[in-house]
Amino acid sequence: MQENNTRDIWVGLFVALGLAALTLLSLNVSNLLSLPSGKGYVVTAEFDNIGGLKVRAPIKLGGVVVGRVESISIDPQSFRAVVGMNIESKYTIFPKDSSAAIYTSGLLGEQYIGISPGAEDAVLKSGDRIALTQSAIVLETLISQFLFNKAAEGDEK
């Protein structure tokens, strides 16, 4: 009888460790594991289409995470998406003419903002706006354009 209790305890511990590992994995995939530092400066950028970009999505330069998306809203005049980006304070290196684009990475299709530095001497400060942006590429739009072009080629023959 004592042997069954010991085995039950080990099985319970194994199951608990498995559940804890799955929880950590899901938190890591959804960007909820990394806590915001709270220090940094906020810049904004306007995009025509942000796709599936979410708050807390990473902002990267050359694959290095330099900040996180802080807010997403709509500009009532231009009807474009306004993305607030919190850049870590140690990265005060981005020229004012830098550009921002929305990319997709990973198997799960996580979207992030990639920053490409410009050439100006003046750097971005809190409250500045990145003027050069590239919206997310929507797969459905690409497929419909491809199919429309193939249909047009078929009509010409």
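This is a predicted model: local features need pLDDT of at least 70, side-chain atom pairs count only at pLDDT 80 or more; totals for chains, interfaces and linings use all residues.
Next, select the strands (DSSP runs of E, at least two residues, numbered from the N terminus, as are helices, which are H or I runs of at least four). Eight of them form an open sheet of mixed pairing, in the order β7-β1-β4-β3-β2-β6-β5-β8. The edges are held by β7 (129–130) and β8 (132–134); each has a single partner strand, so one side of each lacks a neighbour in the sheet. Two strands count as paired if DSSP finds at least two bridges between them.

Move to β6 (residues 110–116), where five of the seven residues are buried (under 20% relative accessible area; exposed means over 50%, and partly exposed lies in between, with a 1.4 Å probe and protein chains only). On one side, β6 is joined by two bridges to β2 (residues 58–61), and the two strands run parallel. Seven bridges link β6 to β5 (residues 99–105) in an antiparallel arrangement; A100 has I115 as its bridge partner there.

Now select β1 (residues 41–47), which runs parallel to β7 and is joined to that strand by two bridges.

**Salt bridges**

The whole structure contains five salt bridges, each defined by a side-chain nitrogen of Lys or Arg within 4 Å of a carboxyl oxygen of Asp or Glu. Centre the view on E46, which counts as buried because its relative accessibility is 14%. The side chain of E46 meets that of R129 in a salt bridge of 2.6 Å, N to O. Since R129 lies in strand β7 and E46 in strand β1, the pair ties together parts that are 83 residues apart in sequence. R129 is partly exposed at 43% relative accessibility. A salt bridge also joins E46 to R80, at 3.4 Å, N to O. R80 lies in the loop between β3 and β4, so this pair connects parts 34 residues apart in sequence.

Then select K96 and D128, whose closest N and O atoms are 3.1 Å apart in a salt bridge. K96 belongs to the loop between β4 and β5 and D128 to the loop between β6 and β7, so parts 32 residues apart in sequence are tied together. D128 is buried, with a relative accessible area of 18%. Finally, display E46, D48, R80 and R129 together: salt bridges that share partners join them into one network.

**Loops with positive phi**

Select R56 in the loop between β1 and β2. Although not a glycine, R56 has a positive phi of about 80°. F79, in the loop between β3 (64–74) and β4 (81–87), is likewise not a glycine and has a positive phi of about 55°. At 64% relative accessibility, F79 counts as exposed.

**The helix**

End at helix α1 (residues 2–29), which contains L19. L19 is exposed, at 52% relative accessibility. Select V11, F14, V15, L19, L22 and L25 to see a nonpolar surface patch of about 640 Å². Patches consist of residues with over 30% relative accessible area and no salt bridge, like charges being joined within 9 Å and nonpolar side chains (Val, Leu, Ile, Met, Phe, Trp, Tyr) within 5 Å. Accessible areas come from the Shrake-Rupley method with a 1.4 Å probe; for residues, only the protein chains shown count as cover.

Key:
Residues are numbered from 1 along each chain as its sequence is written. Side-chain values use heavy atoms; hydrogens and water are left out.
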